[in-house]
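Here's a quick briefing to read with the model open on your screen.

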Amino acid sequence: ILIAAGANRRKLEIPGASEFHQKGLTYSASCDGPLFADKEVVVVGGGNAGFETAGQLLAYTKSVTLLLRSPQFKADQIIVAKLLKNPRFKALTNAEPTIIKGDKFVKAVEYKNKETGEISEIPAEGVFVEIGLIPNTDFVKDIVETNQYGAIVIDPATKKTKTPGIWAAGDCTNALYHQNNIAAGDAITAIEDIYV
């Protein structure tokens, strides 16, 4: 059995997020980044995915502001250091988004400083949300090992689970990277191992 059930992106649950979904608010820089050329954008999320998204967007956009709810960056220090050197990039810690504002499209993001309680607003024509994935694994959680996030634990070389006869690939696993092309490659690796 090869499990390739994917994952759903964790949604931003604040006023304006659902109203402006695909009207400036998006969950994919790979797909939508070029649409925001020469615009000011905000990235919500401070892990590796948030910083990688910010790095991608700097190739197109006028500026990128990253909002991180926690007091410290969660991403790998090498990517944090690289982006902080870019004059068009700003990262704000203790910044909790509270409202997405706009008319027909996104115009601004309001956030609260979690230390001081102060409310501020950032002009932005785009909001990229990178606050995690929810693996689609509930239907197998009693059959295969999953980690604390619900992702299926696999051998990175073969894509085997610890349950005999079951492999898994893609965003439902604890693989390091999550993208369509990587998921497809991982599935091919699993199929090769299945037929060895």
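Is Pro34 buried, exposed or partly exposed? With a relative accessibility of 43%, Pro34 falls in the partly exposed class, because that class sits between the 20% limit for buried and the 50% limit for exposed. Bear in mind that this is a predicted model. A search of the whole structure turns up seven salt bridges, and several of them get a closer look below.

**Around Pro34**

- You'll find Pro34 in the loop that runs between helix H1 (29-32) and strand E4 (40-44).
- If you skip the neighbours within four places in sequence, Pro34 is in contact with Ala29 and Tyr60.
- Gln56 is 22 residues from Pro34 along the chain, and the two C-alpha atoms are 9.6 Å apart.

**Salt bridge Glu130 to Arg9**

- Glu130 and Arg9 join their side chains in a salt bridge, at 3.1 Å from N to O.
- Glu130 sits in the loop between strand E10 (126-129) and strand E11 (133-135), while Arg9 belongs to strand E2 (residues 7-9), so this pair ties together parts that are 121 residues apart in sequence.
- Glu130 is buried, at 12% relative accessible area, whereas Arg9 is partly exposed, at 32%.

**Salt bridge Glu125 to Lys39**

- Another salt bridge brings together the side chains of Glu125 and Lys39, at 3.5 Å from N to O.
- Glu125 is in the loop between strand E9 (119-123) and E10, and Lys39 is in the loop between H1 and E4, so the pair ties together parts that lie 86 residues apart in sequence.
- That H1-E4 loop is also where Pro34 is found.
- Both partners count as partly exposed: Glu125 has a relative accessible area of 38%, and Lys39 comes in at 26%.

**Salt bridge Arg69 to Glu96**

- Arg69 pairs up with Glu96 in a salt bridge whose closest N and O atoms are 3.6 Å apart.
- Arg69 lies in the loop between strand E5 (63-67) and helix H3 (77-84), and Glu96 is part of strand E7 (residues 95-102), so parts 27 residues apart in sequence are tied together.
- Arg69 is partly exposed at 48% relative accessible area, and Glu96 is partly exposed too, at 24%.

**The E7-E8-E9 sheet**

- Three strands make up an open, antiparallel sheet, in the order E7-E8-E9.
- E7 and E8 run antiparallel and are joined by seven bridges; the two form a hairpin with three residues between them.
- For landmarks, look for Lys101 opposite Ala108 in E8, and for Tyr111 with its bridge partner Ser120 in E9.
- Lys101 also turns up in a network of salt bridges that links it with Glu110 and Glu121.

Terms used: Residues are numbered from 1 along each chain as its sequence is written. This is a predicted model: local features need pLDDT of at least 70, side-chain atom pairs count only at pLDDT 80 or more; totals for chains, interfaces and linings use all residues. Side-chain values use heavy atoms; hydrogens and water are left out. Helices (H or I, at least four residues) and strands (E, at least two) are DSSP runs, numbered from the N terminus. Buried means under 20% relative accessible area, exposed over 50%, partly exposed in between (1.4 Å probe, protein chains only). Contact means heavy atoms within 4.5 Å. A salt bridge is a side-chain nitrogen of Lys or Arg within 4 Å of a carboxyl oxygen of Asp or Glu. Two strands pair if DSSP finds at least two bridges between them.
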